[in-house]
Amino acid sequence: MSELVTYAGYPVREIAALPLKKMLEELIAAADYVMGAGLDDGESVKLVRWLVNYLYEKYGYMPMTHIEAAINEGSVGRRGGTSKLVPRNIIIWISEQEKIYQEQHVSKMKKADEERRNADLKGTKTDSMIAKAVIMKIRWKCDGRISSEEYDRVSSKKIYELLVSGKKESEISVREVMI
């Protein structure tokens, strides 16, 4: 059971064959008990050997936790198949578990994308406030509200800070932002 804990989040392809074999032997033994299948040692060895190869070939990307869930849940009838502990049913269990894995993966990707988009929007708002502050300063110069000499003494940073604090453009005076 310690290998199952150690390799829980690892994709199957990143687990060496011996630890994978040991974990699958444990899982198949538990499934055999739960299903009352009564596999003899020879059948169990063949089933584990087949399963190791099958997982490396078809499901190398799936985390071991999902393989464990497929076998545990499948053995009690929650992943389809029949009541026999045979490769066909294990394939059904893993393919059903793969759907769950894919849904979880898509959900994580959507959440990460949403967080990234929100962060980008926050950055855009800050950028637009900086631009607005600079535009205000330029507009004041063009409108004649400030002279060329005063232009360098008007602080774009102070304008920005007032905008961020919620003050409207029309409420900001030149005197407030002079340095």
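Author: Asp 113, Arg 116 and Arg 117 are joined in a network of salt bridges, a salt bridge being a side-chain nitrogen of Lys or Arg within 4 Å of a carboxyl oxygen of Asp or Glu. The model is predicted, so local features need pLDDT of at least 70 and side-chain atom pairs count only at pLDDT 80 or more, whereas totals for chains, interfaces and linings use all residues. Residues are numbered from 1 along each chain as its sequence is written, and side-chain values use heavy atoms, with hydrogens and water left out.

Helices here are DSSP runs of H or I with at least four residues, strands are runs of E with at least two, and both are numbered from the N terminus. Asp 113 has a relative accessible area of 32% and is therefore partly exposed; buried means under 20%, exposed over 50%, and partly exposed in between, for a 1.4 Å probe and protein chains only.

Side chains of opposite charge can pair when their charged atoms come close. Across the whole structure, a search finds ten salt bridges. One of them links Lys 21 to Glu 25, with 2.9 Å between the closest N and O atoms. These two residues both lie in helix α2, four residues apart, which is about one turn of the helix. Lys 21 is partly exposed at 37% relative accessible area, and Glu 25 is likewise partly exposed, at 33%. Lys 167 forms a salt bridge with Glu 176, and here the closest N and O atoms are 2.5 Å apart. Lys 167 is partly exposed, its relative accessible area being 26%, and Glu 176 is partly exposed at 32%.

Helix α2 also has a helix partner. The axes of α2 (residues 17-35) and α4 (residues 64-75) come within 8 Å and cross at roughly 15°. Because of this angle, α2 is roughly parallel to α4. Axes are lines fitted to C-alpha atoms, for helices over the stretch in contact, with angles from 0 to 180 degrees between N-to-C directions. Angles under 35 degrees count as roughly parallel, over 145 as roughly antiparallel, 65 to 115 as roughly perpendicular, and the rest as oblique. On the α2 side, the residues making the contact include Leu 20, Met 23 and Leu 24, and on the α4 side they include Met 64, Ile 67 and Glu 68; contact means heavy atoms within 4.5 Å.

Helix α4 also holds Gly 74, which is buried, with a relative accessible area of 3%. Not counting residues up to four places away in sequence, Gly 74 touches Ala 69, Arg 79 and Trp 93. Its C-alpha atom is separated by 67 Å from that of Glu 171, 97 residues apart along the chain.

Met 64, one of the α4 residues in the helix contact, is also touched by Tyr 10, as are Ile 15, Met 62 and Pro 63, leaving aside neighbours within four places in sequence. Tyr 10 lies in the loop between α1 (2-6) and α2 and is partly exposed, at 38% relative accessibility.
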